[in-house]
Amino acid sequence: MPEKILFKYIDEPGQDTIKVYMKNGGYTALPKVLKEYTPDQVTDIVKESGLRGRGGAGFPAGVKWSFVPKDSPKPKYLLINADESEPGTFKDRQLLERDPHQLIEGSIIAAYAVQAHTGFIYIRGEFGYGAKQLLRALSEAEEKNFLGKNILGSGYDLTIHLHRGGGAYICGEETALMESIEGRRGLSRVRPPYPAIVGLYGCPTVINNVETLSNVPHIINKGAEWFASMGTRKSTGTKIFSLSGQVKRPGNYELPMGISLRELIYEYGGGIFEDRELKAVIPGGSSTPILTPDKLDVKLDFESVVEAGSMLGSAGVIVMDETTCMVNVAWRLTRFYQHESCGKCTPCREGTYWMLKILERIENGKGESGDVELLLDICNYIEGYTVCPLGDAAVPAVRSTIEHFQEEYDYHIRNKTCMVKGKPVFK
Amino acid sequence: MNTMSLSKESIEKLQELKDKFPDRRTAILPALHVVYDQFGYVGDEQLKEAAEVVELPYVELAENASFYTMFPKKPVGKYFIQVCTNLSCALLGADSLVDYLLEKLNVKLGEITPDGLFTVVTVECLGSCGSAPMMQVNDEYHENLTRERVDELLEEFRREGTKKGGPPS
């Protein structure tokens, strides 16, 4: 088994308590940072490690931190994005439920690096258990003075609030998340200005994903070089792959970046459910284009997945077998984006609505010739014409299923029924 | 009518939220959670009361409540069953899980069973894709569901829910 960083102790009973976390080497990076490093040095170490954002975009974390202006008289904020809502992704939930201190320690170090004195963990509203776990962990950390005033005598102060969302996918988008914390409906903001300059309450703000921040204590303890030695040259470290769908052993797998899709599905995931044939895979959460079985040898790192025609995204790998109707997949995911569109940008609000209408009629045997072209046309008018990535994210499910499986659309429209027989049944 | 009012405990929580953050408006979403935790839904009357406690205009709470889908705006059953029907769950039979529940409880989607115990709705991804199919009941996740497990759970809820006082909402 390859070396695990984030999941090393995830199955150990009590790892969610500060006692066991510390027994396993936790909260050793924080004192080291406060004693030995300036904030800039911390940022440099994270930059050198090559750590890239695990929320989906893959932006280098240290570089993001370095954008925060040092001479700004305004307070700075750290936002911890735990609004995990990308269909097919369930890694952050496990990290924050089972090893909350790893996240909190990483967050404190990040806050110190950008000199923020207030942080918010924005956790999706449905994660009730996760919220309880984090609240308890935050108060444990406060008791030990890892949080609060004059942390470990360093003169550095930090408060972290836990903020629960209300069931809106869009609030995982960084600017909508800020609107949400500010007590407004979660509508995305136009960028620039970027959050590092004008973020929460109009102040410089850094926002990072749970998995990204959970890596930070380990990078401090073992060094940037050690971290960069794992994975590929441009996608360093490990990645938690959330494997779901029609696969024998679904679950979260922490593996080095660059492992092949085939290894993930067949070696770790045990192969396809009921030994059926593989039909398609979504490699990076529902917002990424599907891949067909001829791409099974693609390496799962940020660059290689793009070369194969998709994106690593949140690494939510959804496996679909031969019994899956691809029109149904497109309909289901479009329903999601239509439901979650915040409504601010016309192309996304109206585009997802019309795509859903068309897909619904194809599904219901009322499709018309020309519907496929119409769908592709709408895709072209959404992509690139919206303020935030939600519009772009709604396109791949439709466009990539047409690209690879247009015969299923045509069959549906011509024969008023599905080309694939049999629906999944829960037993 | 007293049962419709905020409890002493909720009022205390709201008062604590009022000046907790750099900007008072940040208390809005946490305030919605306080209301939801007490009532199991977020109605206009409760929002008006909560707005007074946190000293913010009612309309600002209402505009938030109408945006966030996890808060029902009307009363629901004591056991609010939310079934994920997004892709990963659907691939393992979530649609037929919904049918099974509706048939078993003899209720339509979104309605309350006559005994007041159950409401079933479908929701989007709950971040439990590796343990599909699944459902959330009130604040708890129930994963890797089978017919047998669903039967057990419903039985358990029925037993608990018909006891005096009912379950914690």
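This report describes aromatic ring contacts in a predicted model.

Residues are numbered from 1 along each chain as written, with chains lettered from A. Local features require pLDDT of at least 70 and side-chain atom pairs count only at pLDDT 80 or more, whereas totals for chains, interfaces and linings use all residues, and side-chain values rest on heavy atoms, without hydrogens and water.

Over all chains, the search finds 19 aromatic pairs. Rings of Phe, Tyr and Trp (its six-membered ring) pair if their centres lie within 6.5 Å; planes under 30 degrees apart count as stacked, over 60 as edge-to-face and the rest as tilted. Two of these pairs are listed below.

| Pair | Geometry | Centre to centre | Angle between planes |
|---|---|---|---|
| Phe127(A) and Tyr141(B) | edge-to-face | 6.4 Å | 65 degrees |
| Tyr253(A) and Tyr268(A) | tilted | 6.0 Å | 55 degrees |

Helices (H or I, at least four residues) and strands (E, at least two) are DSSP runs, numbered from the N terminus. Phe127(A) is buried, at a relative accessible area of 2%, and Tyr141(B) is buried at 16%. Buried means under 20% relative accessible area (1.4 Å probe, protein chains only).

Tyr253(A) in strand E6 and Tyr268(A) in helix H11 are 15 residues apart in sequence, so their pair ties together separate parts of chain A. Both Tyr253(A) and Tyr268(A) are buried.

The charged end of Arg124(A) sits over the ring of Phe127(A), 5.4 Å from its centre. This term requires NZ of Lys or CZ of Arg within 6 Å of the ring centre and within 35 degrees of the ring normal.

Key
Buried < 20%, exposed > 50% of the residue type's maximum accessible area, 1.4 Å probe, protein only.
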